Amino acid sequence: LDFLVIRSENKYNIREVNEIFVVGQECPKVGVPAPNSKQANQFQKEYLQVYLYRLFQESDDTPKKLKMEMVRRAFPASVMSESVIRKVLKQFADFKREGYESGS
């Protein structure tokens, strides 16, 4: 059982409500940057840094390793180009190609 309290000037009315429908729009409490704005791109890069750091922490290898495939799955080319991913990765990791695509 729900009730609706209605205030009008100097009196209050209470009415029983059987069904509730909500319509409206809520203003965001935090600024939402435009797509591809400097602020949005900076947020994506910082998010990528945290994601990469966590991937390294989860790695059981010594030295720590990660596969680009895992990063590409989380950040597809439509969201962030591989060159941007590598640029961010370069800040705190050494790039060493291993495995099938290594060319060695």
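Which residues in H1 meet Val 84, Ile 85, Val 88 and Leu 89 in H3? In this predicted model, they are Lys 45, Leu 48, Gln 49, Leu 52 and Phe 56. By class, the contact comprises seven nonpolar residues, one polar residue and one charged residue. Helix H3 spans residues 82-90. The two helices pack at an angle of about 65 degrees. Their axes are 10 Å apart. The crossing is right-handed.

The largest nonpolar core has 13 residues. H1 gives the most, with four residues. The residues with the most contacts inside this core are Leu 48, Leu 52, Leu 66, Val 71, Phe 75, Ile 85 and Leu 89. Of these, Leu 48 and Leu 52 also take part in the contact of H1 with H3, on the H1 side. Ile 85 and Leu 89 take part on the H3 side. Nonpolar side chains in soluble globular proteins tend to be buried together. Leu 66 touches Leu 52, Leu 55, Phe 56 and Val 71, leaving aside residues up to four places away in sequence.

Phe 56 lies in helix H1. Its relative accessible area is 13%, under the 20% limit, so Phe 56 counts as buried. Beyond four places in sequence, Phe 56 touches Lys 64, Lys 65, Leu 66, Leu 89, Phe 92 and Ala 93. Ala 40 is also placed in helix H1. The C-alpha atoms of Phe 56 and Ala 40 are 24 Å apart, with a sequence separation of 16 residues. Ala 40 is buried, because its relative accessibility is 14% and the limit is 20%. Its contacts, not counting residues up to four places away in sequence, are with Pro 33 and Ala 34.

The loop between helix H1 (38-58) and helix H2 (68-74) holds Ser 59. Is Ser 59 buried or exposed? Ser 59 is buried, with a relative accessible area of 9%. Two polar contacts involve its side chain. The backbone nitrogen of Asp 61 is reached at 3.3 Å. The backbone oxygen of Lys 65 lies 3.1 Å from a polar atom of the Ser 59 side chain. Ser 59 touches Lys 64 and Lys 65, with residues up to four places away in sequence not counted. Lys 64 and Lys 65 are also among the residues touched by Phe 56. Pro 63 is in the loop between H1 and H2. A cis peptide bond joins Thr 62 and Pro 63. Its omega is about -5 degrees.

Glu 9 is not a glycine, yet its phi is about 45 degrees. Glu 9 is found in the loop between strand S1 (2-8) and strand S2 (11-17). Its relative accessible area is 83%, over the 50% limit, so Glu 9 counts as exposed. Glu 9 and Ala 40 are 31 residues apart in sequence and 45 Å apart in space, C-alpha to C-alpha. Asn 36 is not a glycine either, and has a positive phi of about 60 degrees. Asn 36 lies in the loop between S2 and H1. Asn 36 is exposed, with a relative accessible area of 68%.

Terms used: Residues numbered from 1 in each chain as written. Predicted model: local features only at pLDDT ≥ 70, side-chain atom pairs only at ≥ 80, totals over all residues. Heavy atoms only, no water. Buried < 20%, exposed > 50% of the residue type's maximum accessible area, 1.4 Å probe, protein only. Polar contact = N/O pair within 3.5 Å; in protein donor to acceptor, adjacent residues only side chain to side chain. Contact = heavy atoms within 4.5 Å. Axes fitted to C-alpha atoms, helices over the stretch in contact; angles between N-to-C directions. Left-handed = near helix turned anticlockwise from the far one by under 90°. Nonpolar A, V, L, I, M, F, W, Y, C, P; charged D, E, K, R; others polar. Core = buried A, V, L, I, M, F, W, Y, C linked by side-chain atoms within 4.5 Å.
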